[in-house]
Amino acid sequence: FARMFVQVCLYFYCKCLWRCLKFVVRKLTGQCELQRICYNTKPGAARTMKIEASLKGSKSKRLQTSVSVHPDAIEKTIDDIMGLKRINPDINPQLGVSLQACLLQIVGYRNLIAEVEKLRREPYDSENPHHEEMLLKLWKCLKPNSPLKARISKQWCEIGFQGDDPKTDFRGMGLLGLYNLVYFAEWDSEVAQQVLSDSLHPKYREITKKELSQFSKAEWEKKKFDKAIGYSFAIVGINITDLTYNLLVSGALKTHFYNIAPEAPTLTHFQQTFCYLMHEFHKFWIEEDPLDIMEFNRVREKFHKRILKQLQNPEMALCPHFSASESLINM
């Protein structure tokens with residue numbers, strides 16, 4: 001009880017001290033915290049995340065709720081913030097532009113989570129013509145020269161599904177898994193087909209003497225005869241969808257999206273990120289060179305930690321070729 005009492009007192013002391021410090025700094029600089037962030041932090045994740053933290057930590061309920069308004073209400077919200085902070089928009093015209101850009105990203109991220117969650121919760125329905133059309137489109141994109149002989153067919157195993165009917169494999173991620181696979185196969189088709197080919201026909205890699213010294217005789221014999229290990233393309237795609245989804249809902253992808261999306265991140269940004277992670281996981285799998293497919297969870301977890309570490313850098317953009325437009329620099 002004594003420890004809890006001390007912690008509570010310390011919390012309120014620090015909170016009051018922090019508010020007093022902010023008051024003193026404002027008096028000395030003539031600028032509120034939002035102004036200092038916008039004027040002293042360059043555009044991107046660093047600025048947007050500081051603005052988000054400042055608004056959420058405000059004692060004003062109006063400022064706290066500004067991070068969850070409807071996109072159409074952002075302009076009015078900016079006016080309210082300027083009014084509450086007693087900032088003259090005519091003297092500080094750039095501040096409103098910067099705050100608007102940050103709020104569009106913050107609100108857009110929340111809306112993206114809702115959109116992705118809706119797709120994840122929608123189960124695959126073989127009676128739905130649109131669902132069936134998407135599934136057949138996946139086959140055509142990945143196997144353009146091999147017609148599907150029947151809807152229920154062993155051919156589905158050729159692109160990495162577990163059985164005759166792929167619908168059972170989408171249970172974990174719902175339509176989200178299918179949407180991501182189709183996007184990858186359609187818009188990044190060359191890479192997708194190469195990854196599929198490698199997963200079916202993994203290339204043998206010679207083991208160096210240094211690596212050989214790290215294996216037991218049994219492991220060496222297994223690796224020698226198994227050569228390289230492939231994996232089920234579609235199943236791994238659904239698994240990487242799960243990884244991308246968890247990065248999104250945990251907030252880890254804020255760094256990436258706030259750096260690449262000059263305004264609100266969209267489902268397309270999410271799917272582009274999935275494509276990147278799918279390709280990177282494939283390369284990581286080859287680098288790890290696992291002894292068998294039973295090591296998949298270990299390799300996936302190691303890959304997950306690697307991506308999380310990269311996203312801790314506020315300058316990080318996972319997909320450089322999807323970087324934000326130059327207009328972000330001027331905001």
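This is a working chat about a predicted model of one protein chain.

Biologist: What should I know about the model before I start?
Modeller: It is a predicted model, where local features need pLDDT of at least 70, side-chain atom pairs count only at pLDDT 80 or more, and totals for chains, interfaces and linings use all residues. Residues are numbered from 1 along each chain as its sequence is written, and side-chain values use heavy atoms, with hydrogens and water left out.

Biologist: What pLDDT does the chain average?
Modeller: The average is 86, and 82% of the residues score at least 70. pLDDT is the predictor's confidence in each residue, from 0 to 100.

Biologist: Where is the pLDDT below 50?
Modeller: Over residues 323–331. That stretch has 19 contacts in the model beyond near neighbours in sequence. Contact means heavy atoms within 4.5 Å. Where pLDDT is low, the predicted coordinates should not be read in detail.

Biologist: How many helices and strands are there?
Modeller: The chain has 15 helices and zero strands. Helices (H or I, at least four residues) and strands (E, at least two) are DSSP runs, numbered from the N terminus.

Biologist: And how many of the residues are buried?
Modeller: Buried residues are 44% of the 331 in the chain. Buried means under 20% relative accessible area, exposed over 50%, and partly exposed in between (1.4 Å probe, protein chains only).

Biologist: What share of contacts links residues 24 or more positions apart?
Modeller: They account for 68% of the contacts with a separation of 6 or more.

Biologist: Let's do helix pairs. How do α5 and α6 cross?
Modeller: Helix α5 covers residues 74–84 and helix α6 covers residues 93–121. Their axes come within 10 Å and cross at roughly 125°. That makes α5 oblique to α6. Axes are lines fitted to C-alpha atoms, for helices over the stretch in contact, and angles run from 0 to 180 degrees between N-to-C directions. Angles under 35 degrees count as roughly parallel, over 145 as roughly antiparallel, 65 to 115 as roughly perpendicular and the rest as oblique.

Biologist: Which residues of α5 and α6 make the contact?
Modeller: From α5, Ile74, Glu75, Thr77, Ile78, Ile81 and Met82. From α6, they are Leu95, Gly96, Leu99, Gln100, Leu103, Leu104 and Val107. They divide into nine nonpolar, three polar and one charged. Ala, Val, Leu, Ile, Met, Phe, Trp, Tyr, Cys and Pro count as nonpolar, Asp, Glu, Lys and Arg as charged, and the others, Gly among them, as polar.

Biologist: How does α2 sit against α6?
Modeller: Helix α2 (residues 33–40) and α6 have axes that come within 10 Å and cross at roughly 85°. That makes α2 roughly perpendicular to α6. Leu34, Gln35, Cys38 and Tyr39 of α2 meet Leu95, Ser98 and Leu99 of α6. By class, this contact has five nonpolar, two polar and no charged residues.

Biologist: What about α12 and α15?
Modeller: Helix α12 (residues 233–249) and helix α15 (residues 296–311) cross at roughly 35°, with axes within 12 Å. On the α12 side are Val236, Asn239, Asp242, Leu243 and Leu247. They meet α15 residues including Phe296, Arg300 and Phe303. This contact has eight nonpolar, two polar and two charged residues.

Biologist: Is Phe281 buried or exposed?
Modeller: Phe281 counts as buried, at 1% relative accessibility. Phe281 lies in helix α14 (residues 267–288). Leaving out residues up to four places away in sequence, Phe281 touches Val236, Ile240, Phe296, Val299, Arg300 and Phe303.

Biologist: How far apart are the C-alpha atoms of Phe281 and Arg300?
Modeller: They are separated by 7.9 Å, with the residues 19 apart along the chain.

Biologist: Switching topic. Where is His131?
Modeller: His131 lies in helix α7 (residues 129–142). At 3% relative accessibility, His131 counts as buried. Apart from residues up to four places away in sequence, His131 touches Glu122, Pro123, Tyr124, Asp125, Leu175 and Leu178.

Biologist: Now the loops. What is the phi of Arg86?
Modeller: Arg86 has a positive phi of about 55°, although it is not a glycine. Most residues other than glycine have a negative phi. Arg86 is in the loop between α5 and α6. At 77% relative accessibility, Arg86 counts as exposed.

Biologist: And what is the phi of Asp289?
Modeller: The phi of Asp289 is near 50°, also a positive value in a residue other than glycine. Asp289 is in the loop between α14 and α15. Asp289 counts as buried, at 14% relative accessibility.
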